[in-house]
Amino acid sequence: MTSTFTVQRNKSSANGIDIRGHVSEQYAEILTADALDFIAMLQRRFGAERSRFSSKRANLSRLLELREKIQQQLDAGWLPDFPSETEAIRNDDWQIAPIPQDLQDRRVEITGPCDRKMIINALNSGANAFMADFEDANSPTWDNMVSGQINLRDAVNRTIEFSDRKTGKTYKLNEKTAVSIVRPRGWHLLEEHILVDGQPISASLFDFGLYFFHNARKLIEKGSGPYFYLPKLENRHEAALWNEVFVAAQEALGLPVGTIKVTVLIETILAAFEMDEILYALRDHIVALNCGRWDYIFSFIKKFRNRPDFVLPDRQQVTMTTHFLRSYSLLTIKTCHRRGALAMGGMAAQIPIKTDPVANETALAKVKADKEREVGDGHDGTWVAHPALVSIAQEVFDRKMPDANQLSVLRDDITVTAADLLTVPKGKITEAGVRNNIRVGILYLTAWLAGSGCVPLYNLMEDAATAEICRAQLWQWLHHHAKLEDGRQVDRSFFQTILDEEIALLQQEIATQASWTATFDKAIELFVGLVTADSFEEFLTLPAYRHLVSF
């Protein structure tokens, strides 16, 4: 679905800032001249020179260019290792700055998009923290991005309410709510509705800057602070750039360095080799690392996409008990606790199944087992995607982690090598796996183009990360002519046959959902193009985003 916006010039356009999206009276409360000047300052200092290489500063263009150079090395056969040039950082004894009181116990965190009702339910869920997501659980329409900022501002000020027209129910915040943590979009994305000096602004700086500008002081007054999750980092240089952004933002608002606190998602294979370095680069601001398992699997496929010896089996077989994922999880715990940082576990994708008690019991058992593994290994907390799962995760962590966290569990018994992190999981590729990837990938893109980035599909909560796995696996299997367990080859003919069959079934499945039928054909076109292309698109959201905006 393409949204058409009227080009409007904000009163700050004289300062080189243009808004290419509708600005209602309510939106203008967020898109103030002062707020726009603030994010423009960040853009000019850290994100504007996207097309030029600068050796003087770790700016955004240099870091994105570095990603491309590393990919070329991987394609040529190089394998990552722990960097020799930063050995001193890994060997030295140092610790991060102290963790604020309200972030010391994060045993259960719930995540979700910045929808108004979702925010209220998540903050009231009983979880310790809520990650409000502008990234993988969000479709970055202009309305979603700006209304999400309004919703978060109202939540911080405790004025947020939602009235459901269908049920007549009104939702309000409880007296006690979860701690708010915001995830901005990754460095690779743009916000094309805001131009600074004629160029689209970095989506990361837009999301971070607006929330920080409007809410930092109020959060501090309440005894909390501006807290963020940082996604998709690949190395210490990208962490250092965020650190520069934080220092500049705090100085601009007259706040002490270290007021901002962040958790970095270790969700790329390259970042797993630089956990110490990422913690060190952000040591004044960081409080934790998180095992972002789904993006991590996607990253593993993506980075080694051109190597036939790195072909993965069906997604359902790539669990956290496989050697490379268990190794990365344990290394996260050991690295974090040595430095005084929390080690957060990841997301189990299962959700409650109301229509099938037996299947529901099986799904909840998987969630419980996943959380038992995490807390037993030494993680300090975990993620859930649905309010009904908060109590399950809470019971496990309450029983096995009586204190606020497990920072004292150092895991000196663990040694993780580069080979451990690069061990390709064994398993089978099945026709069912091919079909599932096609179904989930197309349906997710259909919902994403319709404005929803967090979608329950076939009893799992899917977001951009899991959709990335679906299309990346299909590309990998096609590109390397992988064989199914029954000996058949995954070639273009086989893929087309299965695709046609699945599309026919999906057409019946979505027939009653008007918003999805409007974007279904475009989703198929995008998905098939990504899967069958000769070259691999870095993120599906890059070409898909073009269909959300039109000027």
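**Strands and sheets**

Mentor: Start with strand β7 (residues 190-196), which pairs with β8 in the antiparallel sense over four bridges. Strands here are DSSP E runs of at least two residues, helices H or I runs of at least four, numbered from the N terminus, and two strands pair if DSSP finds at least two bridges between them. It's a predicted model, where local features need pLDDT of at least 70, side-chain atom pairs count only at pLDDT 80 or more, and totals for chains, interfaces and linings use all residues. Residues are numbered from 1 along each chain as its sequence is written, and side-chain values use heavy atoms, with hydrogens and water left out.

Trainee: Which residue stands opposite L195 in β8?
Mentor: P200.

Trainee: And what's the strand order in that open sheet?
Mentor: β1-β7-β8, with antiparallel pairing. β1 (17-19) and β8 (199-202) have a single partner strand each, so one side of each is left without a neighbour in the sheet.

Trainee: New topic: which strands does β11 join by bridges?
Mentor: Strand β10 (residues 261-266) joins β11 through five bridges, running parallel. β11 also runs parallel to strand β12 (residues 342-347), with three bridges.

Trainee: Which residues pair up there?
Mentor: T263 has A288 in β11 as its bridge partner, while N290 stands opposite M344 in β12.

Trainee: Is β11 (residues 286-291) mostly covered or open?
Mentor: Mostly covered: six of its six residues are buried, meaning under 20% relative accessible area with a 1.4 Å probe, protein chains only (exposed is over 50%, partly exposed in between).
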